[in-house]
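Subject: Structure handover and what turned up in it

Hi there,

Here is the structure I promised to pass on.

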Amino acid sequence: MPGYNTEQQKQLWACLARNTDTPLTVEELLDRIRIENGQALGKSTVFRLMTKWVEEGRVLRTVSGRGRRFVYQLAGCGNLPPHLHLKCVDCGKLIHLDSAESEALLGRIRQKSGFQIDEESTVLLGRCNSHKNR
């Protein structure tokens, strides 16, 4: 994370980095940081940092499952190669599709339709193994 970082920023960023497959609400982030570090961060501080990082494109903000709450997770998946994401509409779990599988699927789409898909903005919605029988 470039630039000047407070201890709170470092703790929040580290929590997001440890949970790349799980979109988290501000409250969930606060709980995890408190449990992991034994320290509580201010809710307004977390909201301010999330807003800033979303505006900078470093964090993604989406709506949780079928709810009306915002959840956050790191954008760009760190140093992983470009790939698609699968998101469960029931629990919000985010699954990273292997980059080779992503490219094969995107290649078939380009070949059949000539359509170029923006990998970084594309999330395929469905149900994870825990919710597929609903």
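A word on the ground rules. This is a predicted model, in which local features need pLDDT of at least 70 and side-chain atom pairs count only at pLDDT 80 or more, while totals for chains, interfaces and linings use all residues. Residues are numbered from 1 along each chain as its sequence is written, and side-chain values use heavy atoms, with hydrogens and water left out.

**The overall picture**

The protein chain has four helices and five strands; helices here are DSSP runs of H or I with at least four residues, strands are runs of E with at least two, and both are numbered from the N terminus. In sequence order, the pattern is α-α-α-β-β-β-β-α-β. The chain has 134 residues, of which 32% count as buried. Buried means under 20% relative accessible area, exposed means over 50%, and partly exposed is in between, using a 1.4 Å probe and protein chains only. Among contacts in the protein chain with a separation of 6 or more, 48% come from residues 24 or more positions apart. A contact means heavy atoms within 4.5 Å.

**Helix α1**

The twelve residues of α1 should span 16 Å at 1.5 Å a residue, and the end C-alpha atoms are 16 Å apart, which agrees. (The expected span is 1.5 Å times one less than the number of residues.) Q9, Q11, L12, C15 and L16 are buried in α1. These buried residues fall within an arc of 165 degrees seen down the axis, so they line one face of the helix. The arc is taken from the directions that run from the helix axis to the C-beta atoms.

**Helix α3**

Helix α3 runs over residues 43–55, and its 13 residues reach 18 Å from the first C-alpha to the last, close to the 18 Å expected. Which residues of α3 are buried? They are T45, V46, L49, M50 and W53. These cover an arc of only 130 degrees around the axis, which puts them on the same side of α3. On the other side, S44, R48 and E55 are exposed. The buried residues of α3 are covered by elements including α1 (7–18), α2 (26–37), β1 (59–63) and β2 (70–74). Just after α3, G57 takes a positive phi of about 80 degrees.

**How the helices pack**

For the angles below, axes are lines fitted to C-alpha atoms, for helices over the stretch in contact, and angles run from 0 to 180 degrees between N-to-C directions. Angles under 35 degrees count as roughly parallel, over 145 as roughly antiparallel, 65 to 115 as roughly perpendicular, and the rest as oblique.

- α1 and α2 pack at about 100 degrees with their axes 10 Å apart, and are therefore roughly perpendicular to each other. Q11, L12, C15, L16 and R18 of α1 meet L29, R32, I33, E36 and N37 of α2.
- α1 and α3 pack at about 65 degrees with their axes 11 Å apart, and are therefore roughly perpendicular to each other. Q8, Q9, L12, W13 and L16 of α1 meet T45, V46, L49, M50, K52 and W53 of α3.
- The axes of α2 and α3 come within 10 Å and cross at roughly 120 degrees, which makes α2 oblique to α3. V26, E27, L29 and L30 of α2 make the contact with K43, V46, F47 and M50 of α3.

**Two residues to look at**

E27 lies in helix α2 and is partly exposed, with a relative accessible area of 35%. The C-alpha atoms of E27 and V71 are separated by 9.6 Å, although the two are 44 residues apart along the chain.

S102 lies in helix α4 (residues 99–113) and counts as buried at 0% relative accessibility. Leaving aside neighbours within four places in sequence, S102 is in contact with H83, L84 and L97. S102 and P82 are 20 residues apart in sequence and 8.2 Å apart in space, C-alpha to C-alpha.
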